[in-house]
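This report covers disulfides and strand pairing. The structure comes first, and the notes follow it.

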Amino acid sequence: MFLVSRLHASRPAQESVTVVGAGSQEFEIPGTQGEVLAVSVLDRTGALADTAMVQVGASTWPEEAKQPRVLRVPQDYTNIQAAVDAAKAGDTVRVSSGTYFETVRLKSGIRLLGSGARWTVLDGGGAPVKLVDFSGASDVVVAGFTFQNVGTGNLCDDIDVMSCSGNWYSSAVFADGHTDEGQAPTSALLMHNIFRNNSIGAMLYFHARAVVRNNLFVGNTHGFVANHFQDVALVANNVFWENTQEAIVSQAAYLDIINNVLARSEVGVYYSYIQTGRVRCNVFFENGTNSADFYLEPPRFEMGKDGNVELEPLFQSPEAGNFHPAAGSPLLDAGCLDSFGRDRDGTPEDIGAYGGPLGSWQ
């Protein structure tokens, strides 16, 4: 089967699941002009078999890569950037387990895949860097990594994350959606990653659209930030745990925040400007405040409505990095992204990083 997540400037994010017959090699996915599709193909066990990010009417994938290649690090290339530089649209850069001290600038149509987030680490070493930057790149996938230890030192790192343009901050994963000539098509699927001990886990700046799904954001100063965004993005089935200042920052963003856990931050979701997406079926726990608003707008969401609740999530062992729901957890079968939502065992989808069709990962 395959899961399609859709981003469109004029409507909320949508998802659908389609089951294809055994042995099927080709299938068509309808889309409208300008729509961004994150497509994930799952095998019978629910494990991820293939994935791609496609912008309808503007993508370089897969037309320019009739025979996609897999470029391996370090077997074929000594570092990740060398493999990315050699890759063409539709290719996969596959990174073996290990710890890598480098920064990577992606280009359109590339799938950057680690060998599992717990075993494939990009480490900033405390420097004020951007570990992965997909600015100006469309249809990219980043999955299977731990991004950690991005420090401060850029001009705006030690002040409010909404005061400066996004390019003045350090962030483990970053994208700027425009160039000196204007807006540039920029899009990514970020999934199955761990963002740990960074100044900012992930930042999207000015129309850098993304589907951010099934990740862990743990111990960052700021978890996920949409900075001067003015566009749509989907943040679904993630865990935000002990990010000291904010779990999520939504500045001028139509940000759909669905099926997440937001716990132990000073602020759960911080808003600025009037743009608002859907906020549904999230579990909040022990935040200083669950929601704050720079312009003192009416509450964007309320506890007890649209599936948003304030409860202890009851993870199996968060102190050991195990954020699977324990028996009796309020996360179980409580998700509500779309009516089809199911976990791989056929039950209604769970809230958190291991819920929904893409919940099978480590």
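Are Cys156 and Cys164 buried or exposed? Both Cys156 and Cys164 are buried, where buried means under 20% relative accessible area, exposed over 50%, and partly exposed in between (1.4 Å probe, protein chains only).

## Basis

The model is predicted: local features need pLDDT of at least 70, side-chain atom pairs count only at pLDDT 80 or more, and totals for chains, interfaces and linings use all residues. Residues are numbered from 1 along each chain as its sequence is written, and side-chain values use heavy atoms, with hydrogens and water left out.

## Disulfides

Two disulfides (pairs of cysteine sulfur atoms within 2.5 Å) are found in a search of the whole structure. In sequence order of the bonded cysteines, the pairing is 1-2, 3-4.

Cys156 is joined to Cys164 with an S to S distance of 2.0 Å. The torsion about this S-S bond is about -80°, so the disulfide is left-handed.

The sulfur atoms of Cys281 and Cys336 are 1.8 Å apart. This pair links distant parts of the chain, 55 residues apart: Cys281 lies in the loop between β29 (279–280) and β30 (283–285), and Cys336 in the segment after β34 (322–325). The S-S torsion of Cys281 and Cys336 is about 120°, so the disulfide is right-handed. Cys281 counts as buried because its relative accessibility is 6%; Cys336, at 14%, is buried too.

## Strand β3

Strands are DSSP runs (E, at least two residues), numbered from the N terminus. In β3 (residues 36–42), six of the seven residues are buried.

Strands pair if DSSP finds at least two bridges between them. β3 pairs with β1 (residues 2–8) in the antiparallel sense over six bridges, and Leu37 is the bridge partner of Arg6. Seven bridges join β3 to β4 (residues 48–55), also antiparallel, with Val39 opposite Ala52.

Definitions and conventions:
Helices (H or I, at least four residues) and strands (E, at least two) are DSSP runs, numbered from the N terminus.
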